[in-house]
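Subject: Structure handover

Hello,

Here is the structure for your files. My notes on it follow below.

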Amino acid sequence: MEFTIDTEQQSLVQAVRGLVGKTYDSSEARRAVTKAEPGFAAWDQLAEMGVLSLPFEATAAEVSLAAEELGRVIAPDPFVESIVLAGGLINSVGTDEQKSELVDAIAEGQTLPVLAWLEPNRGWSAQAVSVTYSDGKLNGVKSTVVQADRADLLVVSAAVDGGTGLFLVTDGYATETERTHDGSRAATVTFSDTPAVALGDGGDALAALEHALNLARIAYAHEALGAMAVALDITVGYLKTRKQFGVTLNKFQALTFRAADMYVELELARSAITWATIVAADEGSTPEDVAAAASHAALQVARAGRHIALDAIQLHGGIGMTAEYSVGHYASRILAIGQMIGDETFHLDRLAARIDDHTVLDPIG
């Protein structure tokens with residue numbers, strides 16, 4: 001396996017880091033942006049730089065590098081939600097006419113699509129049940145839909161004869177929006193005889209939906225990885241400068257050991273997430289391979305993310321709990337991502353279900 005990035009990819013990393021680093025140069029700047037409308041500030045510049053076109057033109061590796069840089073500053077811009085997931089579905093399932101109309105507009109930041117797929121009390125199942133499609137109209141409730149109020153276009157999964165279809169909706173639905181603990185916005189969306197147009201040729205699109213969700217999970221994992229790395233750096237810096245009893249905290253062996261444990265968890269997560277990206281970028285990988293790799297990455301995000309987020313706050317003491325200090329913001333975003341990509345039980349069940357399907361663990365080895 002190749003774990004290094006080439007010169008062009010390094011340039012992408014530096015460009016994205018420079019852009020979002022200026023926009024979100026402190027937790028105060030990010031907090032001010034999330035309180036205002038639309039809740040994110042780097043979108044137009046990301047479009048101009050070409051970052052929003054990466055899922056349509058580049059490999060999963062470039063997408064992941066961009067997501068990781070956004071995670072390092074916990075940028076609230078909905079890159080994974082809108083571009084990787086909703087945009088990726090339109091690009092993979094849409095008709096030539098739909099792709100011609102929408103993909104360029106999405107890449108240029110002119111259209112903000114959002115996928116509405118989660119249903120109340122259905123966990124992370126991609127199969128639509130309570131939202132139904134009939135005679136050109138949708139009925140039912142989707143919850144939770146991240147950034148639904150900001151979306152120009154909803155991509156909605158709905159139960160159809162023979163499976164789960166995908167539909168495009170521009171209006172005729174009601175939203176009830178709440179602020180989430182990580183500064184984002186999420187809504188319950190109600191459809192009541194809402195006009196909808198089939199995405200693609202219609203029919204069952206469950207397989208395409210699940211594959212798009214798995215690619216998004218890997219991108220989310222990289223976003224969490226960037227946030228975890230910075231949370232650890234902030235914590236180590238604090239231990240090296242904060243004094244108790246006349247010495248810095250890093251002189252206390254127990255605290256240094258806890259920081260070392262955080263580093264080990266981070267590197268375990270980095271290995272699993274990088275491997276998942278390699279699987280996703282490999283043209284020989286099947287959707288089942290990508291699903292397994294995404295679940296391995298998500299498990300590491302759940303375990304390492306919770307460990308790093310909670311220890312970062314505890315090692316900071318009371319200041320880690322305040323809104324004015326950055327480490328709490330990182331912890332909140334890491335835990336939010338862990339919920340969006342599915343919890344440990346969900347991914348363990350997925351892996352257990354196919355444990356007898358292959359005799360070789362590495363699908364591209």
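Helices (H or I, at least four residues) and strands (E, at least two) are DSSP runs, numbered from the N terminus. With that numbering, Phe 245 sits in the loop between β9 (243–244) and β10 (247–248). This is a predicted model, in which local features need pLDDT of at least 70 and side-chain atom pairs count only at pLDDT 80 or more, while totals for chains, interfaces and linings use all residues. Residues are numbered from 1 along each chain as its sequence is written, and side-chain values use heavy atoms, with hydrogens and water left out.

Backbone

Phe 245 has a phi near 55°, which is positive although the residue is not glycine. Phe 245 counts as exposed because its relative accessibility is 76%; the classes are buried under 20% relative accessible area, exposed over 50% and partly exposed in between, with a 1.4 Å probe and protein chains only. Asn 121 is another non-glycine residue with a positive phi, of about 65°. Asn 121 belongs to the loop between β1 and β2 (132–134), and at 83% relative accessibility Asn 121 is classed as exposed.

There are also cis peptide bonds to note. The bond from Glu 37 to Pro 38 is cis, with omega near 5°, and Pro 38 is in the loop between α2 (27–35) and α3 (43–49). Ser 143 and Thr 144 are likewise joined by a cis peptide bond, with omega about 10°. Thr 144 is part of strand β3 (residues 137–146).

Strands

Two strands pair if DSSP finds at least two bridges between them. β3 runs antiparallel to strand β7 (residues 185–195), and 8 bridges join them. Val 141 has Thr 190 in β7 as its bridge partner. β7 also pairs with strand β6 (residues 173–179), in the antiparallel sense and over 7 bridges. In that pairing of β6 and β7, Glu 178 stands opposite Ala 186. β6 and β7 form a hairpin with 5 residues between them, and Gly 183 in the turn has a positive phi of about 90°.

Strand β1 (residues 113–116) is covered on both faces: Pro 113 and Leu 115 are buried on one side, and Val 114 and Ala 116 are buried on the other. The pairing of β1 with strand β4 (residues 153–160) is parallel and has 4 bridges. Ala 116 stands opposite Val 156 in β4.

Helices

For the helix pairs, axes are lines fitted to C-alpha atoms over the stretch in contact, and angles run from 0 to 180 degrees between N-to-C directions. Angles under 35 degrees count as roughly parallel, over 145 as roughly antiparallel, 65 to 115 as roughly perpendicular and the rest as oblique. A crossing is left-handed if the near helix is turned anticlockwise from the far one by less than a right angle, and right-handed if clockwise.

The axes of helix α10 (residues 287–316) and helix α11 (residues 326–340) come within 9 Å and cross at roughly 160°. α10 is therefore roughly antiparallel to α11. Their crossing is left-handed. On the α10 side the contact (heavy atoms within 4.5 Å) includes Val 301, Gly 305, Arg 306 and Ala 309, and on the α11 side it includes Val 327, Gly 328 and Ala 331. The contact residues of α10 and α11 divide into 9 nonpolar, 4 polar and 1 charged. Here Ala, Val, Leu, Ile, Met, Phe, Trp, Tyr, Cys and Pro count as nonpolar, Asp, Glu, Lys and Arg as charged, and the others, Gly among them, as polar.

Helix α8 (residues 206–241) and α10 have axes that come within 8 Å and cross at roughly 25°, so α8 and α10 are roughly parallel to each other. This crossing is left-handed too. The residues of the contact of α8 with α10 comprise 19 nonpolar, 5 polar and 1 charged.

Two residues of α10 are worth a separate entry. Asp 311 lies in α10 and counts as buried because its relative accessibility is 13%. Not counting residues up to four places away in sequence, Asp 311 touches Arg 258 and Met 262. His 307, also found in α10, is partly exposed at 23% relative accessibility. Leaving aside neighbours within four places in sequence, His 307 is in contact with Asp 261, Met 262 and Glu 265. The C-alpha atoms of His 307 and Thr 248 are separated by 23 Å, with the two residues 59 residues apart along the chain.

Regards
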